[in-house]
Amino acid sequence: MKSKRTLSRSAAVLLIIVCSLLIISAIRGDRGHSSPESAQIRETYAGYALTFPEGAAAQSLTELLAQTSYEEVTGDKQTWKEYDAEAFAPYLPLAETVTSVQSSPFNSEVVTYILFTNADGQEFCQCYKGDTLTNQTVYDPASDTAYEITARKVTVYDDFHKTVENAGKSPSIFNIDKLLGRK
């Protein structure tokens, strides 16, 4: 089902999530640090990427987006597609709850953001360009650490909760309104 409406709260939150680590860096006054355990961190979270089992209804993110219902969301001069998040659950076997899936054109590619949590309560924000996972942000409340994982490097933000809470903000990467000081 296609429909058109103005910018929803979830769309606004997703738009802001794209810049969340930059905002966190500004609040913290640093850019995190590279980790000597980058390979181990990357390996730990690699299994959370979308998977397309043989015989599944979709064999790529492009196919999955094409067959999933969505709403068009327009804000300012940008338009996003907000997809039925439940349709993505079978392709994210390690996800406990899929919170949001949105995509928009960027240059000549489709950029898709997927937000979900795992059974341990870790929060994920994945960015796909076309069918490729380009970066993944993970917040682990058990260790109070956030990770930004790209093909080039892994950046670690230690004491994430403590640092942003001391600034009067919420530690969740999903709760960007509080991170920005909104109530």
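"Buried" here means under 20% relative accessible area, "exposed" means over 50%, and "partly exposed" is in between, using a 1.4 Å probe and protein chains only. Everything below comes from a predicted model, in which local features need pLDDT of at least 70, side-chain atom pairs count only at pLDDT 80 or more, and totals for chains, interfaces and linings use all residues. Residues are numbered from 1 along each chain as its sequence is written, and side-chain values use heavy atoms, with hydrogens and water left out.

**View 1. Inside the largest nonpolar core.**
A nonpolar core is a set of buried Ala, Val, Leu, Ile, Met, Phe, Trp, Tyr and Cys residues joined through side-chain atoms within 4.5 Å. In soluble globular proteins, nonpolar side chains tend to be buried together. The largest core here has 27 residues, and the ones touching the most other members are Tyr45, Phe88, Leu92, Val98, Ile114 and Phe116. At least two core residues come from each of α3 (38–46), α4 (61–67), β5 (95–106), β6 (109–118), β7 (123–129), β9 (145–150) and β10 (154–157). Those labels are DSSP runs numbered from the N terminus: helices are H or I with at least four residues, and strands are E with at least two.

**View 2. Phe88 and its contacts.**
Contact means heavy atoms within 4.5 Å. Who does phenylalanine 88 touch, if we leave aside its neighbours within four places in sequence? The list is Leu61, Leu64, Leu65, Thr68, Tyr83, Val101 and Ile114.

A disulfide is a covalent bond between the sulfur atoms of two cysteines.

Strands pair if DSSP finds at least two bridges between them. β8 (132–140) and β9 pair in the antiparallel sense over six bridges, with threonine 137 standing opposite glutamate 148 in β9. Between β8 and β9 are four residues, and the two strands form a hairpin. On to the next pair: β9 and β10 are antiparallel too, over four bridges. Here alanine 146 stands opposite tyrosine 157 in β10, and three residues sit between the two strands of this hairpin.

Most residues other than glycine have a negative phi, and most peptide bonds are trans. What about aspartate 144: is its phi positive or negative? Aspartate 144 has a positive phi, near 55°. You'll find aspartate 144 in the loop between β8 and β9, and at 13% relative accessibility it counts as buried.

**View 3. Ala119 out in the open.**
Zoom in on the loop between β6 and β7 to find alanine 119. Is alanine 119 buried or exposed? At 64% relative accessibility, alanine 119 counts as exposed. Alanine 119 and alanine 95 are 24 residues apart in sequence, with their C-alpha atoms 7.0 Å apart in space. Leaving aside neighbours within four places in sequence, alanine 119 is in contact with Leu94 and Glu96.

**View 4. Rings meeting rings.**
Rings of Phe, Tyr and Trp (its six-membered ring) pair if their centres lie within 6.5 Å; planes under 30 degrees apart count as stacked, over 60 as edge-to-face and the rest as tilted. How many aromatic pairs does this rule give? The count comes to nine. One of them is phenylalanine 52 with tyrosine 91, a tilted pair at 5.2 Å centre to centre and 40° between the planes. This pair links distant parts of the chain, 39 residues apart: phenylalanine 52 is in the loop between α3 and α4, and tyrosine 91 is in the loop between β4 (78–83) and β5. Phenylalanine 52 is partly exposed at 23%, whereas tyrosine 91 is buried at 7%. Tyrosine 70 and tyrosine 83 form another tilted pair, 5.5 Å centre to centre with 50° between the planes. Ring pairs also link Tyr45, Tyr48, Phe116, Phe124 and Tyr147 into a cluster.
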